[in-house]
Amino acid sequence: MKTLSCLSLSGGQGKTSISLLLGRLLAQQGQRVLMVDADPQANLTFYLGHNVQPDAPTLLEVLKRQVETAAGIYPLAYENLYLLPADEGLHQAQEYLATSGMGALALRYSLEAVGELFDVCLIDSPPQRTQICLSVVGASDWVLIPAEASTKGVNSLLRSLELLEEMRRIRAFTGQVLGVLPFRDKWFGQSQATDSREAIAAMQQVAGEIRVLPSVLESERYKQAIRQGRLLAELGYGELELPLQQVIEILGQV
Ligand code: ATP
Ligand code: MG
């Protein structure tokens with residue numbers, strides 16, 4: 001199982017949107033995909049149409065080792081796609097991870113138990129640098145950093161790279177950055193918005209050796225696909241999926 005997380009240390013950077021659509025695409029292509037919702041906002045769980053039942057185990061119970069990992073994984077309405085869900089209660093994992101002494105490795109251990117069952121594991125992370133976030137980084141073989149094509153996005157990229165570097169120094173992150181994915185790149189016809197162009201140029205500088213992928217365009221179609229639980233290609237906008245297809249291609253080669 002290859003574990004890829006979407007990490008970006010600001011709100012609204014596209015982490016959940018990209019995780020969701022990547023997971024759906026990979027599953028459609030026949031890969032067995034485990035989605036992990038590691039954000040107490042639980043947006044991924046919501047968009048995947050999963051209702052957490054009151055006593056049903058979620059990522060919280062899995063992290064706290066109250067249940068086996070497999071007991072927290074649920075099949076979804078989509079073929080090949082499974083979810084380790086979150087709800088608001090995931091906040092309670094913070095203290096547990098902080099005091100357990102192995103916070104950064106807790107998720108990695110939990111996922112190892114199901115590593116034979118899936119081809120790919122995609123993790124959606126929270127926007128803050130919390131214990132849960134550190135645990136996501138610790139579990140990642142690969143990290144994809146979506147970043148809005150704006151000054152906020154450049155800052156988010158900077159802070160995400162800093163976190164990865166810090167965690168690498170203490171050997172808590174042993175993976176690699178798959179790429180930076182500019183998000184909500186604005187174009188008006190043939191011309192790119194100045195702020196988008198400047199932000200992406202700054203991202204290229206900041207990224208250094210790390211590849212900057214083709215950007216996800218600012219588009220209502222994305223929101224529509226997410227809201228309706230459909231793929232862009234199913235709505236007739238397959239060309240908008242190009243950046244996601246590129247991520248999948250790279251993931252297949254590594
Ligand atoms: P958070 O840190 O709060 O979890 P996030 O990084 O997960 O945020 P998303 O929730 O994926 O970010 O996206 C932010 C918003 O952008 C959402 O409202 C989503 O519907 C919208 N969005 C997604 N794709 C596009 C797009 N291509 N163009 C414009 N808006 C988009
Ligand atoms: Mg999100």
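I began at the ligand: the side chain of S17 has an N or O atom 2.6 Å from an oxygen atom of ligand 1. I asked how much of the ligand the protein buries. Taken alone, ligand 1 exposes 630 Å², and 85% of that is buried by the protein. I keep in mind that this is a predicted model.

**Entry 1, around the ligand.** I looked up which residues surround ligand 1 and found 20 of them. The closest are Q13, K15, T16, S17 and L217. T16 has a polar side-chain atom 2.8 Å from an oxygen atom of ligand 1. At S219 I noted a backbone contact instead: a polar backbone atom lies 2.9 Å from a nitrogen atom of the ligand.

I read off the strand order of the open sheet as 3-4-2-5-1-6-7-10. The sheet has eight strands, and their pairing is mixed. Which strands are at the edges? I found strand 3 (74–75) and strand 10 (216–217), each of which pairs on one side only. A general point for my notes is that strands of a sheet pair through backbone hydrogen bonds, either parallel or antiparallel.

I then went to strand 5, residues 120–124. Strand 1 (residues 2–6) pairs with strand 5 in the parallel sense, over five bridges. In this pair I located K2 opposite V120. Strand 2 also pairs with strand 5 in the parallel sense, over five bridges, and there M35 has L122 as its bridge partner. I followed strand 2 (residues 33–37) on to strand 4 (residues 81–84), where four bridges join the two in parallel. Among the partners here are V33 and L81.

Is strand 5 mostly covered or mostly uncovered? I found it mostly covered, with five of its five residues buried. In a regular strand the side chains alternate between the two faces of the sheet. For strand 5 I listed V120, L122 and D124 on one side, with C121 and I123 on the other, and all are buried.

I checked what helix 8 (residues 194–207) lies across, and noted strand 6 (142–148) and strand 7 (176–185). The helix runs at about 170° to strand 7. Q192 I placed in strand 9, residues 191–192. Its side chain makes a polar contact of 3.0 Å with the side chain of D185. Leaving out residues up to four places away in sequence, I counted D185, K186, W187, R197 and I200 as the residues that Q192 touches.

I found L244 in helix 10, residues 242–253. Is L244 buried or exposed? L244 counts as buried because its relative accessible area is 0%, and the cut-off for buried is under 20%. Beyond four places in sequence, L244 touches I18, L21, L22, L25 and Y222. I also looked at D39, which is 205 residues from L244 along the chain; their C-alpha atoms are separated by 21 Å.

Most residues other than glycine have a negative phi. I noted R65, not a glycine, with a positive phi of about 60°. R65 is in the loop between helix 3 (59–63) and strand 3. N80 also has a positive phi, near 70°, and lies in the loop between strand 3 and strand 4. I recorded N80 as buried because its relative accessible area is 18%.

How values were computed:
Residues numbered from 1 in each chain as written. Chains lettered and ligands numbered in written order. Predicted model: local features only at pLDDT ≥ 70, side-chain atom pairs only at ≥ 80, totals over all residues. Heavy atoms only, no water. Pairing = 2+ DSSP bridges. Contact = heavy atoms within 4.5 Å. Axes fitted to C-alpha atoms, helices over the stretch in contact; angles between N-to-C directions. Buried < 20%, exposed > 50% of the residue type's maximum accessible area, 1.4 Å probe, protein only. Near = heavy atom within 4 Å. Polar contact = N/O pair within 3.5 Å; in protein donor to acceptor, adjacent residues only side chain to side chain. Areas by Shrake-Rupley, 256 points an atom, 1.4 Å probe, with all protein chains shown as cover.
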